[in-house]
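Keep the structure open as you read.

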Amino acid sequence: MDILGDLLKTLDQMVNDQFESIEFKRFLGVPLTLERGRFYVVQNALYTSNRRDCWGYVQGGAPLQVKRIIWEHESDELINDPRAGMDHYALSVKQGEVIGLRPEDFEKAEVPSMVRACFYAWHHVAMHNHWLSAYTASHMLERRNNGKIVKGGGMSYRVGKKFENELGINLKRMISLDVHVVADTDHSENISEMFERYVKTAEDCELVLKGARESMAIDRAYRGALGYYMEQIN
Amino acid sequence: MKTTPNGIETLWTELIRMCNEQFASKPFRRLLSTRFTKARAQQYSIQMAFYVQNRRDCWGYVQGSAPLEIKKLIWQHEEDELIGRKSEGKQDHITLAVKEGEIFGLTAEAFEQNPRLEGGEVCFSAWIRVAQRSWLEAIAASAILEMRNSGELIQGGSLSRRIGDMLERDLGIPMKKQINTAEHVVMDVEHAHLLMQVARKYASSETARKAILRGAAESLMIDRVYRGHLADMLEALPDA
């Protein structure tokens with residue numbers, strides 16, 4: 001039995017299944033307006049910040065070799081992504097200019113209650129689980145954004161296409177979404193390599209699957225919440 | 001340092017006082033009055049590598065909870081520790097610890113095969129617990145250990161400097177050959193300023209300053225317990 005091969009197939013199926021969930025369908029089905037687009041872009045920057053929290057926690061709990069991989073991963077995210085010439089939070093803010101957002105709009109943004117609950121849930125998974133579960137929980141969000149794995153394109157690609165089709169803004173101008181289409185493919189592949197080194201037993205697999213299941217459940221709730229809030233914006 | 005109206009200077013002075021006071025504590029005095037033998041130096045070196053690994057755990061958690069601009073500072077801090085300054089040809093601090101072990105007759109396997117000291121393990125868990133608290137407490141708890149290791153702030157020399165001097169005195173190993181200790185003697189002077197950078201921006205309220213003091217005090221308490229366990233371990237080994 002190919003433990004690792006079977007596990008990776010299951011993870012791939014799980015990220016594809018996300019897009020069949022009612023929450024994802026609802027979120028991706030909300031017609032974009034400029035105001036809804038602005039809301040999404042600001043919220044996505046907050047999501048990026050939450051990712052930085054969680055990867056820090058995962059780094060704290062992981063073995064030394066994995067810490068090093070995460071540190072390198074965070075170089076793109078936190079310091080400078082050579083694909084963009086800036087860190088990913090700055091990239092989100094820069095992207096906002098295309099739809100009329102200013103840096104202050106990001107600074108004063110509030111985290112809506114349902115989104116806040118999801119962020120805390122991700123914190124919890126990252127901080128209070130076995131490192132393999134915590135690591136997988138964060139990894140799955142990049143795997144779910146990997147167009148080589150997700151049929152029909154990852155989340156960034158699909159949202160970028162919505163901006164293009166519904167607001168007439170070319171994906172290339174949505175620089176954060178565009179960079180993530182590529183960056184998360186690279187990141188999810190680099191991070192996935194760690195499974196080959198550390199997943200050896202059925203118990204290891206179960207730890208990985210636990211993290212994956214929990215993170216995907218939170219991700220569905222998060223996307224459902226974003227869809228709900230976007231619908232409230234006329 | 002200029003006096004500021006929000007008590008930053010008072011906070012900084014108090015933190016430095018607390019760090020200096022560590023060296024007057026019983027566990028520190030016991031540890032620093034030990035005479036090193038080769039066997040003692042070996043065990044000390046191995047346990048310090050575990051200590052460095054625990055620092056990496058804690059700084060990761062602190063990075064997780066800190067604001068974005070502080071995350072960046074910690075990420076840079078961790079480059080020295082976890083990766084090494086490749087551009088300057090410097091190795092990460094765990095590799096350095098293992099390499100330093102060679103001068104005590106240790107192989108890389110010795111670091112993998114020797115267990116963590118039981119008392120050390122308990123202290124490591126305690127430090128992780130503090131690292132998972134509110135971010136100001138957490139960062140103070142980790143940063144204070146580098147302040148305690150800064151020759152610029154500690155009268156009579158930092159902990160790394162004092163241990164290095166003892167190894168030189170007892171085993172005739174010059175400081176420059178103690179590559180990990182020598183690195184920390186230098187780097188922790190630089191790293192010790194991280195907490196002040198944080199305090200200048202975020203310790204504007206009494207509540208924030210109290211959180212920093214609480215985290216620092218708790219970490220120094222764990223540090224005393226840890227050093228006491230190290231002293232026990234060394235004393236249990238033959239003195240000649």
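## Pockets, cavities and the chain contact

The second largest pocket holds about 270 Å³ of space. Note that this is a predicted model. The points below start with the pockets, go on to the cavities and end at the interface.

**Second largest pocket**

- Chain A contributes Leu64(A) to the lining, which also includes Ala49(B), Phe50(B), Gln53(B) and Ile94(B).
- Val98(B), Ala108(B), Phe111(B) and Glu112(B) are also among the lining residues.
- Three helices of chain B, α3, α5 and α6 (108-113), each supply at least two lining residues.
- By class, the lining has seven nonpolar residues, one polar and one charged.

**Largest pocket**

- The largest pocket contains about 510 Å³ of space.
- Its lining counts 20 residues. Nearest its centre lie Leu46(A), Ser49(A), Asn50(A), Asp53(A) and Val111(A).
- Both chains take part: α3, α6 (103-107) and α7 (113-127) of chain A, with α3 and α4 (68-83) of chain B, each give at least two residues to the lining.
- α3(A) gives the most, with five residues.
- The lining of the largest pocket divides into 11 nonpolar, five polar and four charged residues.

**Largest cavity**

- The whole structure has two cavities of 30 Å³ or more.
- The volume of the largest cavity is about 390 Å³.
- It is lined by 26 residues. Closest to its centre are Met48(B), Tyr51(B), Ser160(B), Asn180(B) and His184(B).
- In chain B, α3 (38-65), α5 (93-101), α8 (135-147), α9 (159-171) and α10 (179-191) are the elements that give two or more residues to this lining.
- α3(B) provides the largest share, nine residues.
- By class, 12 residues of the lining of the largest cavity are nonpolar, six are polar and eight are charged.

**Second largest cavity**

- The second largest cavity has about 220 Å³ of space.
- Of its 18 lining residues, Asn44(A), Tyr47(A), Asn145(A), His180(A) and Asp184(A) are the closest to the centre.
- The elements that give two or more residues here are α3, α8 (131-143), α9 (155-167) and α10 (175-198) of chain A.
- α3(A) supplies the largest share of this lining, seven residues.
- The lining of the second largest cavity splits into six nonpolar, five polar and seven charged residues.

**Interface of chain A and chain B**

- The contact takes in 21 residues from chain A and 21 residues from chain B.
- Together the two chains bury about 2000 Å², with 67% of it on carbon and sulfur atoms.
- On the chain A side, Arg68(A), Trp71(A) and Leu78(A) lose the most area to chain B, together 32% of what that side buries.
- Four salt bridges are found across the interface. One of them joins Lys72(B) to Asp87(A), with the closest N and O atoms 3.0 Å apart.
- Six residue pairs are in polar contact across the interface.
- α3 (34-61) and α4 (64-79) of chain A each supply at least two residues of the side that touches chain B.
- α4(A) gives the most to that side, with nine residues.
- By class, the side of chain A that touches chain B has eight nonpolar, six polar and seven charged residues.

Notes:
Residues numbered from 1 in each chain as written. Chains lettered and ligands numbered in written order. Predicted model: local features only at pLDDT ≥ 70, side-chain atom pairs only at ≥ 80, totals over all residues. Heavy atoms only, no water. Contact = heavy atoms within 4.5 Å. Buried area = accessible area lost by both parts, 1.4 Å probe. Salt bridge = Lys/Arg side-chain N within 4 Å of Asp/Glu carboxyl O. Polar contact = N/O pair within 3.5 Å; in protein donor to acceptor, adjacent residues only side chain to side chain. Helix = DSSP H or I, 4+ residues; strand = E, 2+ residues; numbered from the N terminus. Nonpolar A, V, L, I, M, F, W, Y, C, P; charged D, E, K, R; others polar. 1 Å grid on protein atoms, 1.4 Å probe; cavity = no way out; pocket = protein on both sides within 12 Å on 5 of 7 lines; lining within 4 Å. Points joined across faces, edges and corners; volume = space filled by probe spheres on them.
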